[in-house]
Amino acid sequence: MIGGDQIEELLDWHTAVDALRAHLRLEGEAETFPRTAFPCRSGELLLMPAETTEYVGVKAISLNHDAPAGVPRAQGIYTLFDARTLAPVAQLDAVALTKIRTSAVSALAVDLVAPRESARLVVFGTGPQAAGHAQAIAAMREITETVIVGRRPEAVESMLAELADAGLPVRAGGREDLATADIVACCTAAATPLFDSAALPSNAVVVAIGSHHPDRRELDAALVRDSFVVVESRDSALREAGDIVMAGDDPAALIDATLAELVRRATAPAGRAVFKSVGEAWEDLVLAARAFELSSASSPRE
């Protein structure tokens, strides 16, 4: 079993981003399937299978909607198989893997579309994904200031302390900080837009990862319609990304590129950009395989 602490040691941000970029360059977009949600008495169980050239894998993760004190809301296991023999080769902590995967995918998108001089980051949210995004994006750009926007002062203070310990220049802020933001990361459970996009600079890059439901969104329709929109895949975005589905009568026409298409381009688009992520099974598989390979390489031989 490759535990959470070991996954974090094996997959630093650059290693994770490089693994995702290499997969997209070599294999492109994988076929996507709707995640399977199995309702349980205490919540739901999500299943996400995927296959690459060398591996097959499935993430089984539970979401406890009324978790009692001391019980995590999300728990799960990732099982990795050899693609040729279909023999299981490893199990990994699915929660730690998901945390790194989501932030690393966003960091790759930022690296593909954000100007090199981008230096001011605004993060909406105070949970693990918000903290992960602040650190992952800072690994891709020389961030001189990270501004945290949250609803609960105590949660904001806790996140400020965590990011300061990680060496990030960080402070609390509000929507007024959008006026000078280079990059905005939306990492909340919001069902309605977090801000009026008119407040953003014309070249801001916005990342939205909050939900994978077609009736929920963190971004307003104007931002999606007026930006260069990047998604993981068109199929999954039109199925699960409320930010895009709710932005116009023809959502498909709002999507300008996928990550795979951008990885293979020589230049990035200019102007305002949006990356909307819903999370895909191939991303978990690529990083699970990389963690397994690094773990195997570092294990002492008998």
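The following legends describe close-up views of a predicted model.

**View 1**
The open sheet is built from 5 strands in the order β1-β2-β3-β4-β5, and their pairing is antiparallel. Its edge strands, each of which pairs on one side only, are β1 (36-40) and β5 (88-93). On average, and with direction ignored, neighbouring strands of this sheet are turned by 15° against each other. Strand β4, which covers residues 74-82, is joined to the antiparallel β5 by 5 bridges, and Thr-79 has Gln-91 of β5 as its bridge partner. Helix α10 (residues 281-298) lies across β2 (43-51), β3 (55-64), β4 and β5, and its course makes about 70° with β4.

**View 2. Tyr-78 and the largest nonpolar core.**
The largest nonpolar core of the model contains 69 residues, and Tyr-78 is listed among those with the most contacts inside it, together with Leu-20, Leu-92, Leu-121, Val-123, Leu-259 and Leu-287. Helix α3 (residues 94-113) provides the largest share of this core, namely 12 residues. When neighbours within four places in sequence are left aside, the contacts of Tyr-78 include Gly-57, Val-58 and Lys-59, then Ala-90, Gln-91 and Leu-92, and also Ala-94 and Leu-97.

**View 3. The packing of helices α2 and α10.**
Helix α2, formed by residues 13-26, packs with α10 at an angle of about 120°, and the two axes are 10 Å apart. The two helices are therefore oblique to each other, and α2 passes α10 in a right-handed crossing. On the α2 side the contact is made by Thr-15, Ala-16, Ala-19, Leu-20, His-23 and Leu-24, while α10 contributes Trp-282, Glu-283, Val-286, Leu-287, Arg-290 and Leu-294.

**View 4. The packing of helices α3 and α10.**
Helices α3 and α10 pack at an angle of about 110°, with a distance of 10 Å between their axes. They are therefore roughly perpendicular to each other, since angles of 65 to 115 degrees are counted in that class. The crossing in which α3 passes α10 is right-handed. Here Leu-97, Thr-98, Ile-100, Arg-101 and Val-105 of α3 meet Glu-283, Asp-284, Leu-287 and Ala-288 of α10.

**View 5. The sheet of eight strands with parallel pairing.**
This open sheet has 8 strands in the order β8-β7-β6-β9-β10-β13-β11-β12, and the pairing is parallel. The edge positions belong to β8 (170-172) and β12 (257-258), each of which pairs on one side only. Helix α3 packs on the sheet, where it touches β9 (183-186), β10 (205-208), β11 (228-231) and β13 (273-276), and its direction makes about 160° with that of β13. Helix α5 (residues 153-165) also packs on the sheet, touching β6, β7 and β8, and its direction makes about 170° with that of β8.

**View 6. Strands β6 and β7.**
Strand β6 (residues 120-124) pairs with β7 in the parallel sense, and 5 bridges join the two. Within this pair, Val-123 stands opposite Ile-148 of β7. Strand β7, which spans residues 145-149, is mostly covered, with 4 of its 5 residues buried.

**View 7. Arg-73 in the loop between β3 and β4.**
Arg-73 belongs to the loop between β3 and β4, and its relative accessibility of 49% means that this residue counts as partly exposed. Although Arg-73 and Ser-62 are 11 residues apart along the chain, their C-alpha atoms are separated by 7.8 Å. Beyond its neighbours within four places in sequence, Arg-73 is in contact with Ser-62, Leu-63, Asn-64, His-65 and Ala-67.

**View 8. Leu-86 in the loop between β4 and β5.**
Leu-86 is found in the loop between β4 and β5, and its phi is positive, at about 60°, although the residue is not a glycine. With a relative accessible area of 52%, Leu-86 is exposed, because the class begins over 50%.

Notes: Residues numbered from 1 in each chain as written. Predicted model: local features only at pLDDT ≥ 70, side-chain atom pairs only at ≥ 80, totals over all residues. Heavy atoms only, no water. Pairing = 2+ DSSP bridges. Axes fitted to C-alpha atoms, helices over the stretch in contact; angles between N-to-C directions. Contact = heavy atoms within 4.5 Å. Core = buried A, V, L, I, M, F, W, Y, C linked by side-chain atoms within 4.5 Å. Buried < 20%, exposed > 50% of the residue type's maximum accessible area, 1.4 Å probe, protein only. Parallel < 35°, antiparallel > 145°, perpendicular 65-115°, else oblique. Left-handed = near helix turned anticlockwise from the far one by under 90°.
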